[in-house]
Amino acid sequence: MQYQPEDGKWQVGGNAKLLFDLREQMTPEAYEQNKRALQEFLCGYFSSGDCDNAQGDSISPLKATAKGGKVLKVRWALPGSGKSGSLRLVVVAYCDERRVHIAQAFRRRDNPTDDDVRDAVADM
């Protein structure tokens, strides 16, 4: 099945403060373009039907949460920022509910450890 961003619910958690900070630095148009591009990228992964495997270096499935969400580490480059300006996102996908929650965001240089990921999804 081909998923589109409109097929689900998208949430950004309060711990993903970096994303809120970046939003303030962008024009509304640039923010919407970046948000849509990330949603389409994740929908492509979900549409592949192979959500238990990595997608190159961009998406790494890590574990499941106690409430049934699939935890993904997503590498996302902001347009125009180069590789050093990219982000590491901790994403929880609730496939049955068609809900995606961005639990935490890190700059590339602050690459999250397994403990950081565990902390980001502890109550999910």
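The second largest pocket of this predicted model has a volume of about 200 Å³. Its lining consists of 15 residues, and those closest to the pocket centre are Y3, F46, C95, R98 and R99. Three elements, α2, β4 and β5, each give two or more residues to this lining. By class, the lining of the second largest pocket divides into 10 nonpolar, 2 polar and 3 charged residues.

The largest pocket holds about 400 Å³ of space. It is lined by 19 residues, of which V12, L19, Y31, K35 and I102 are the closest to its centre. At least two lining residues come from each of β1 (9-12), α1 (17-25), α2 (28-47), β4 (87-94) and β5 (99-107). The element that gives the most to this lining is α2, with 5 residues. Sorted by class, the lining of the largest pocket has 14 nonpolar, 3 polar and 2 charged residues.

How many salt bridges does the structure hold? There are 6.

| Salt bridge | N to O distance |
|---|---|
| K17 and D21 | 3.0 Å |
| E32 and K35 | 3.4 Å |
| R118 and D115 | 2.4 Å |

K17 and D21 both belong to helix α1, where they are 4 residues apart, or about one turn of the helix. D21 counts as partly exposed because its relative accessibility is 31%, which falls between the 20% limit for buried and the 50% limit for exposed.

E32 and K35 both lie in helix α2 and are 3 residues apart, again about one turn. E32 has a relative accessibility of 40% and therefore counts as partly exposed. K35, at 33%, is partly exposed as well. K35 is also one of the residues closest to the centre of the largest pocket, and its helix, α2, supplies 5 residues to that lining.

R118 and D115 are found in helix α3 (residues 114-120); they are 3 residues apart, so about one helical turn separates them. R118 has a relative accessible area of 42% and is partly exposed. D115 is partly exposed too, at 46% relative accessibility.

Technical notes
Residues numbered from 1 in each chain as written. Predicted model: local features only at pLDDT ≥ 70, side-chain atom pairs only at ≥ 80, totals over all residues. Heavy atoms only, no water. 1 Å grid on protein atoms, 1.4 Å probe; cavity = no way out; pocket = protein on both sides within 12 Å on 5 of 7 lines; lining within 4 Å. Points joined across faces, edges and corners; volume = space filled by probe spheres on them. Nonpolar A, V, L, I, M, F, W, Y, C, P; charged D, E, K, R; others polar. Salt bridge = Lys/Arg side-chain N within 4 Å of Asp/Glu carboxyl O. Buried < 20%, exposed > 50% of the residue type's maximum accessible area, 1.4 Å probe, protein only.
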